[in-house]
Amino acid sequence: MRRYNYMQGALLPVFLLLAVAQQGQAQVLPSFPYSALGVGEFNYNTQGMLSGMGYGVSAVRSGSFLNNANPAAYSALQPHLSLGELSATGLVATLQSGSSTGQSSDFNVSRFAIGIKVNKWWGTSVGLIPVSTMSYQIVDDKAVTGTSKSINSIYEGNGGLHAFYWGNGIKIGNHLSLGVQMNYIFGSLNQMEKIAYDISNPLLTSTQQTFLRNLDFSYGLQYFTPITDRLDMSVGLQYQGRRDLRASYTLSIVSGGDTLSDETMKDDYFTLPDQYRAGIAFTFDDMLTVDFDYIFEKWNDLSVKSNNVSLVNSVSYGLGLQWFPGGKDVPYRRLLQQRLLFEGGVNYNRSYLQIDQKQISDLSLSLGAGLYNRPGNLSLGVGLEVGQKGTMGSGLINESYTKLYLTLIVRNIWLTKHKYY
Amino acid sequence: MSAFQYPRYIVPLILSVCLWISACKNVESDIGSSFFQGHANVLEVDTMTVKMETVYLDSIPTSSTATILLGSYQDPVYGTVSASSYLQLGAPDDRSIPASAVYDSLCFMLRPNRYFLGDTTREVPIAIYPLSELIDPGETGAEYNTTRFSRGSAALGSWTGRIYPGRTDSISIRLSDLLGRTLLSAIIDNPDNLSTDNLFANYYLKGLMLESTGGKALLGFHAGDSSGFMRLHYHLATDVKTSLHTDFSIADPVLQFNHISTDRSGTLFGSLGSDQKAMNADVTGYRSVLQPMSNMAIRISFPYLRNLQHLGRYVDILSAGLTLHPEAGTYTSDIPLPPAVALCITQDYYHVLDTVIGSGGVAYGNLITDYSYHNTSYTYDLSSYLISEMQVKSDYDKTSLLLLPPLPDYNTTFRKLVIDNQSAKSSGITLSVQLVTYDTK
């Protein structure tokens with residue numbers, strides 16, 4: 001009891017005050033330079049309660065939380081369950097390129113999803129999930145032509161893509177689930193270029209706003225079967241076809257108080273490629289799940305090349321572990337140690353970005369934990385991903401990052417009573 | 001009681017962690033700059049062509065300046081300039097002179113105003129002639145430096161002597177006794193004939209012309225109550241020792257003006273005149289001259305200004321500075337520069353639309369004088385002017401800048417400004433334009 005008062009009475013207010021104080025000092029915008037390319041950095045982590053497993057999740061079937069990596073998994077929700085999930089993501093990164101170093105952090109609410117088990121063979125989910133994120137502020141020197149003076153070029157970007165989805169998983173028989181998910185991808189990217197002697201007083205600001213939208217479908221399959229009494233296996237497949245995001249652009253250029261241009265440019269398309277995802281998972285004693293995922297994105301077909309950046313096929317591998325000390329029916333366990341779950345993962349991604357003929361790679365380790373309250377109507381998931389992205393070389397960037405995923409899940413079982421055992 | 005009440009402190013703790021992450025300091029860096037080509041640029045252009053001409057000013061008003069200019073000066077650049085002054089006197093201030101008055105003398109009084117140009121060590125001859133016609137300001141209500149009125153052939157009086165502008169208090173030029181006696185008689189016998197300025201001018205003296213020829217300097221004199229008037233000295237027969245006088249002052253400031261003539265023959269500006277109103281500096285020794293009293297002014301324009309728009313898809317002028325460096329050797333402490341020169345925005349030759357404005361009003365160049373190293377300069381901020389000029393759509397609407405000194409220098413002194421153009425060995429004009437450009441490619 002004394003410890004509890006100490007935490008709440010002294011440490012937390014100090015922590016909060018420190019945080020607020022630092023918030024006031026933070027004037028430089030979070031900058032993740034790779035997000036400046038294309039439509040931002042794609043999010044491969046499905047977040048939610050699976051955030052600690054990294055990419056290795058597509059074959060995972062869970063009755064108590066959502067798996068957005070594969071719509072076929074929605075049919076695994078336990079009967080009569082409705083749940084809401086709210087996720088937030090924090091990111092801290094240290095950047096290095098040549099002799100330059102930088103540090104950035106960001107935090108935002110990133111995901112909201114609702115899942116309902118409609119009947120014993122149909123699970124459905126709607127929600128808003130992040131597709132890509134753009135956030136950068138880069139300040140560079142530039143020579144003033146005709147003089148020996150220099151001036152600041154400031155590149156800023158923010159925004160990203162989200163998908164509003166409606167996914168359905170239908171269980172067919174005892175071993176197969178098929179899923180289809182409708183995704184309305186939308187978002188805006190705000191990219192600014194400023195030129196200024198004094199950053200706070202730019203001489204010229206150009207702002208390009210790109211509005212993207214698209215309606216498409218993704219398809220999933222899960223095949224699951226017991227292999228032995230203690231060992232279950234599931235296979236997950238997911239396919240998302242090539243999508244043309246319709247892009248509308250506006251460009252405004254303001255010099256001092258003069259608006260030099262404020263125009264709506266011709267619509268264009270940004271194409272997302274075919275994505276194939278396959279995973280296989282083994283579960284021992286309903287306690288330990290091992291999942292291996294392979295993701296392939298066919299960017300080569302798009303033949304996009306801009307400056308020193310070209311798009312190439314992307315490959316990702318994910319190995320995820322999930323351990324339920326008290327078995328999978330965690331919401332209804334009495335003991336704390338039985339209402340916990342732990343996760344771990346290793347992820348490797350050879351990115352679709354190739355810069356100066358060098359493909360950007362990303363290697364990360366994930367850890368996660370989940371905790372259910374005793375009535376089983378509230379659970380908390382925490383995922384930590386520590387990784388390194390990029391390749392050192394001329395003009396390339398090495399980004400060491402730490403991501404924190406937080407998920408709050410509210411559960412409700414309708415038309416039934418809880419049974420604790 | 002094994003209930004685990006984690007929400008009571010775990011949730012605040014996690015919220016604090018979230019806040020802490022969001023508050024982590026972001027460090028500014030250039031990492032990632034290689035991903036951008038950069039569409040915006042700032043550049044400074046100081047090689048833009050500035051067209052410079054000497055233009056002929058038809059006339060400038062010289063009446064109502066309270067200044068009498070006399071003499072001549074030979075300028076090595078633009079020729080010889082001569083000044084003479086016309087004025088019309090009014091009725092005497094005292095018209096109740098008794099019949100016992102005895103005429104003594106008639107004089108014209110001049111008091112130097114300290115302005116001079118040229119060699120003042122030489123003797124200055126001044127002659128005063130009667131006008132044979134009345135000074136008529138006409139519809140414009142002003143007289144100009146080109147205006148002349150006919151005069152009598154015989155001088156009413158003359159004077160020769162040295163004038164030290166800084167020391168000489170006044171000079172008195174003795175005029176014709178015949179005129180003096182006539183005026184005294186008129187005051188005594190017919191005061192009604194000179195009861196008004198017009199009557200006096202019509203009956204007795206239409207006006208005077210003051211002229212100084214043969215000297216080597218131009219000199220300025222006050223024209224007002226204490227200078228530039230005629231004084232009739234007399235005494236009463238009953239009191240020989242007491243000298244009395246009555247004054248004939250300038251009737252109206254408009255009726256006093258200076259005529260200026262300039263002989264540019266033998267100089268590169270010889271053909272400048274009403275037939276050739278503009279001479280490019282390229283044909284006048286790569287120099288242009290500002291000297292309004294001699295009908296000369298400098299006009300500058302920027303014929304290729306709009307070409308700046310081709311430097312990018314969008315171009316905006318951030319700042320523009322014009323610096324004028326007077327030609328070395330054309331100014332000294334004795335031949336000073338105009339202390340202020342305004343830039344008048346003109347169309348055609350003289351149609352002044354506006355004046356270039358600086359931070360504190362009309363821009364006069366903030367003259368910095370350096371006689372030792374010839375770093376003398378006038379500087380102007382042309383940002384606003386060039387921004388509006390660049391937006392001009394047709395050549396017809398283009399404007400030029402006419403360099404003119406403000407009043408009273410404009411029409412009471414002979415201060416000149418000589419500027420070498422960009423083709424000269426040492427250019428006297430620099431236009432520095434800082435632009436921001438944006439290319440969408």
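**A tour from helix H2 of chain B**

Begin by selecting residues 177–189 of chain B: this is helix H2, whose 13 residues reach 18 Å from the first C-alpha to the last, close to the 18 Å expected at 1.5 Å a residue. Please bear in mind that the model is predicted.

Next, within this helix, display the side chains of Gly180(B), Leu183(B), Leu184(B) and Ile187(B), which are buried. Turn the view to look down the axis of H2(B): the buried residues fall within an arc of 100°, so they line one face of the helix. The spacing follows a general rule: an α-helix has 3.6 residues a turn, so residues three or four places apart point the same way.

Now select Leu178(B) and Asp189(B). These two residues are exposed and lie on the other side of H2(B).

Colour chain B by pLDDT. The mean for chain B is 89, and 95% of its residues reach 70 or more. Then select residues 1–5 of chain B, where the pLDDT is below 50; beyond near neighbours in sequence, this stretch has 4 contacts in the model.

Move to chain A and show its secondary structure: 1 helix and 19 strands are present. Of the 421 residues in chain A, 43% are buried. Among contacts in chain A with a separation of 6 or more, 63% join residues 24 or more positions apart.

Methods
Residues are numbered from 1 along each chain as its sequence is written. Chains are lettered from A and ligands numbered from 1 in the order in which they are written. This is a predicted model: local features need pLDDT of at least 70, side-chain atom pairs count only at pLDDT 80 or more; totals for chains, interfaces and linings use all residues. Helices (H or I, at least four residues) and strands (E, at least two) are DSSP runs, numbered from the N terminus. A residue is buried if 20 or more other C-beta atoms lie within 10 Å of its own, exposed if 12 or fewer, and partly exposed in between; C-beta atoms are placed from the backbone. Two residues are in contact if their C-beta atoms, placed from the backbone, lie within 7 Å. The expected span of a helix is 1.5 Å times one less than its number of residues. The arc is that of the directions from the helix axis to the C-beta atoms. pLDDT is the predictor's confidence in each residue, from 0 to 100.
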